[in-house]
Amino acid sequence: MRLVAVLLLGAALLTACGGGAGGPDVRGEWHLVEGAVDGSALPSPGGATATLRFEAQEVRGRSFCNSFFASYRLSGDSLVLDGLGSTEMGCEPDVMAAETAFLGALARTATVTREGADLVLGGDGVRLRFSPVPPTPDRALADTRWVLETLVDGETASSTTGEPAVLVLRSDGGVEASTGCRSGAGTWLVDAGVLVLDGLAPTGDCPPELAAQDAHVAAVLGGRPAPAIDGDRLTLSAPDARGLVYRAEAEGQREDGLLGSWELIAGTADGHALPLPGGARATLTFSAGSQTGGTSFCNGYGGDYAVDGDELRFEEVAVSLVLCEGPVGEAEGAYLDALLDRTHRFTVDADRLRLSSPAGELTFRRLLPPPLDAVSDRRWLLESVGAGGTAVPATGDASLELRSGGTAAVTTGCRSFEATWRTGGDTVHLADWEYELLDCPPEVAGQDQALVDVLAGGFQLRVDGDRLVVDRADGRGAPAPTLVYRAER
């Protein structure tokens, strides 16, 4: 679905009372109860409705099938609509016919009056009567799937294009977001009235026509915007006067609980238990924008997914081509055979996701985001490196910093690194490493290599008071050391 008009917000705004000077109060949302054009009643298809909502800078609504929008001027009972446009989704022929008639009538309206509780729009040969829609209770900020409708830049608003851009702030602290062409995941919190998103680094490519929207969405989400909820609308306002306006997805439309990251904990394929080799894992992530990906014990994979009721199917999935042998390779083959190229029935129960198909069953546990509140913006000093049940005390100056701005600093005892970081599921990933090529002295070389092995491959965090334990998330079956840090005092 795409929008085909850009709204320029002029200076003619509603007054505080909700109407023009001496005009009727038009505030709120209204639904069409009857209409006539040139003496003939407007069609009213079953199961669909037309709505109208006057807001501070625009008029919006649903025209039986699509959404429509326009700017307007209201002076007394005189109404002028400018730039009437709509989305372009197809519906049943009778619904589309009703939509065409309604939008044509709306374009001919010239007055707005109140008749008791109702609102009447009139014009030459046109009469549309609307009744008020009861106010929508405020949706919760967390665990609501917010779909982007409008980009705001000062006094200019524009409609979205591309795939639906969505935002999901989960109550477990994870966030999924998309821009219309890219998506990312991280963590979130509200601090002093602003929304702080950490580790949200959208990945993917954008076509030229979506580059500006992508940059706008990313800038607002990364700019600590102030959130405000009015019914089913969420507005994020950044300090630079840019903003985003979202609409809550309808109840039941997409409350499947899939979004987030999951780890395989059990499964069967063709009547046999799936192997789960130690030191490797299979994960599955569902991102905003119907994108999916994960790890399959050895390789990574990614693509799209589609949901129809309680059925789930993976589409256009690509898998990397690292060669893994032995138990890890066998587990990968069995897992991908059970997961891909088939339709699954799925259930989500608290922290468990279960997929079933004729090929077998897969059970996953939800991966909670890393404890960044307790870790970020602190300098952690390496205390020991553990391997094979033995902990070796750290040598030299070795430290780890994860800054809330998305950058990281690592020292190994002989080298220093600058990097960026992001989260995915329960894992922290470092990227864009910048460092000097140095030969470390023998007494530090082993420690240097251990830190690189753990931190370069995606790692998990555990906090115990002032101690931080860091483990490699997935070693593809190979043993990996454990790093123990202590917070700098």
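The second largest pocket draws at least two lining residues from each of S15, strand S22 (283-287), strand S23 (291-296), strand S24 (299-308), S33 and strand S34 (427-435). This is a predicted model, where local features need pLDDT of at least 70, side-chain atom pairs count only at pLDDT 80 or more, and totals for chains, interfaces and linings use all residues. Residues are numbered from 1 along each chain as its sequence is written, and side-chain values use heavy atoms, with hydrogens and water left out.

**Second largest pocket**

- A pocket is an open set of points on a 1 Å grid over the protein atoms alone, with protein on both sides within 12 Å along at least five of seven lines; lining residues have an atom within 4 Å of a point.
- The volume of the second largest pocket is about 850 Å³.
- A volume is the space filled by probe spheres set on the grid points, which are joined across faces, edges and corners.
- The lining has 37 residues, and Thr285, Gly294, Thr295, Arg422 and His429 are the closest to the centre of this pocket.
- S24 supplies the largest share of this lining, 6 residues.
- By class, the lining of the second largest pocket holds 7 nonpolar, 23 polar and 7 charged residues.
- Ala, Val, Leu, Ile, Met, Phe, Trp, Tyr, Cys and Pro count as nonpolar, Asp, Glu, Lys and Arg as charged, and the others, Gly among them, as polar.

**Cavity**

- A cavity is a set of grid points where a 1.4 Å probe fits but cannot get out.
- The structure has 1 cavity of 30 Å³ or more.
- The largest cavity has a volume of about 70 Å³.
- It is lined by 13 residues, of which Arg170, Glu176, Ala185, Gly186 and Gly425 are the closest to its centre.
- Strand S14 (174-178), strand S15 (183-191), strand S20 (260-269) and strand S33 (416-424) each give two or more residues to the lining of the largest cavity.
- S14 gives the most to that lining, with 3 residues.
- The lining of the largest cavity divides into 4 nonpolar, 7 polar and 2 charged residues.

**Whole chain**

- The chain has 5 helices and 37 strands.
- Helices (H or I, at least four residues) and strands (E, at least two) are DSSP runs, numbered from the N terminus.
- The C-alpha trace spans about 90 × 55 × 40 Å along its principal axes.
- Of the 489 residues in the chain, 46% are buried.
- Buried means under 20% relative accessible area, exposed over 50%, and partly exposed in between (1.4 Å probe, protein chains only).
- Among contacts with a separation of 6 or more, 54% join residues 24 or more positions apart.
- Contact means heavy atoms within 4.5 Å.

- Helix H3 (residues 326-339) has 14 residues and reaches 20 Å from its first C-alpha to its last, close to the 20 Å expected at 1.5 Å a residue.
- The expected span is 1.5 Å times one less than the number of residues in the helix.
- Buried residues of H3 include Val328, Glu332, Tyr335 and Leu339.
- Asp341 follows H3 and has a positive phi, near 60°.
- Asp341 sits in the loop between H3 and strand S26 (343-349).
- The relative accessible area of Asp341 is 68%, so this residue is exposed.
- Asp270 is not a glycine, yet has a positive phi of about 50°.
- The loop between S20 and strand S21 (272-273) holds Asp270.
- Asp270 counts as exposed because its relative accessibility is 64%.

- Asp471 lies in strand S36 (residues 467-472).
- Asp471 counts as buried, at 18% relative accessibility.
- The side chains of Asp471 and Arg462 make a polar contact of 2.9 Å.
- A polar contact is a pair of N or O atoms within 3.5 Å; within protein, one must be able to donate a hydrogen and the other to accept it, and residues adjacent in sequence count only if both atoms are side-chain atoms.
- Leaving aside neighbours within four places in sequence, Asp471 contacts residues including Val454, Phe459 and Pro481.
- Thr390 belongs to strand S30 (residues 390-393).
- Thr390 is partly exposed, with a relative accessible area of 48%.
- Thr390 and Pro481 are 91 residues apart along the chain, and their C-alpha atoms are separated by 9.8 Å.
- Thr144 is in the loop between strand S10 (126-132) and strand S11 (145-153).
- Thr144 is buried, at 3% relative accessibility.
- The Thr144 side chain reaches the backbone oxygen of Ala140 at 2.7 Å.
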